[in-house]
Amino acid sequence: MVNERTKIDVYFRDKERCVICGNGSRLEPVPHHCFFRSEYFDRDRDGGWNLVTICIDCHRKIHRGDRNLNCFCKRLALSRYSGDKKEKLLEIARRRKCFES
C-alpha cells in the first residue's frame, strides 16, 4: 500500500502530470506501480522509484496490454532504482521484452 507521504512526493516529482502523455487532469488517485505487484513482491515495491503519476486513460492502456507504455514505465523505474535488486528487476523487464526494438 502506498503511504500518503510517498504519494504526495511522487505527484510533486512528476509535477502533477501523467509521465506518459503529459495530461494534468483525470489523474489516477494512487500512483501507478511500474513493476506490478503481481510480478515484484519485495517490500520496496511501494517506494517512489517504482511509482509514477499517470492519467486514467494511459493507466487503462497499460493494463489492457500496451507493451510500449508498460515498458516505458519499467525503464523509468529502473533509471531511478538504486537498491541491490537491480538484476532481478532487469530480468522482469527482459521477460516483458522491454529492451527490444
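At 53% relative accessibility, Glu16 counts as exposed, where exposed means over 50% relative accessible area, buried under 20% and partly exposed in between, with a 1.4 Å probe and protein chains only. This is a predicted model, in which local features need pLDDT of at least 70 and side-chain atom pairs count only at pLDDT 80 or more, while totals for chains, interfaces and linings use all residues. Residues are numbered from 1 along each chain as its sequence is written, and side-chain values use heavy atoms, with hydrogens and water left out.

Glu16 sits in the loop that runs between helix H1 (4-13) and strand S1 (32-33), helices (H or I, at least four residues) and strands (E, at least two) being DSSP runs numbered from the N terminus. Although Glu16 is not a glycine, its phi is positive, at about 50 degrees. Lys97, in the segment after H4, is another non-glycine residue with a positive phi, here near 60 degrees, and with a relative accessible area of 43% Lys97 is partly exposed.

The largest nonpolar core has 22 residues; such a core is a set of buried Ala, Val, Leu, Ile, Met, Phe, Trp, Tyr and Cys residues joined through side-chain atoms within 4.5 Å. Those that touch the most other members are Cys34, Phe35, Tyr40, Trp49, Ile62, Leu78 and Leu89. Two or more residues come from each of helix H2 (56-63), helix H3 (67-80) and helix H4 (86-95), and H3 gives the largest share, 5 residues.

Trp49, once its neighbours within four places in sequence are left aside, is in contact (heavy atoms within 4.5 Å) with Phe35, Tyr40, Asp44, Ala77, Arg80, Tyr81 and Leu89.
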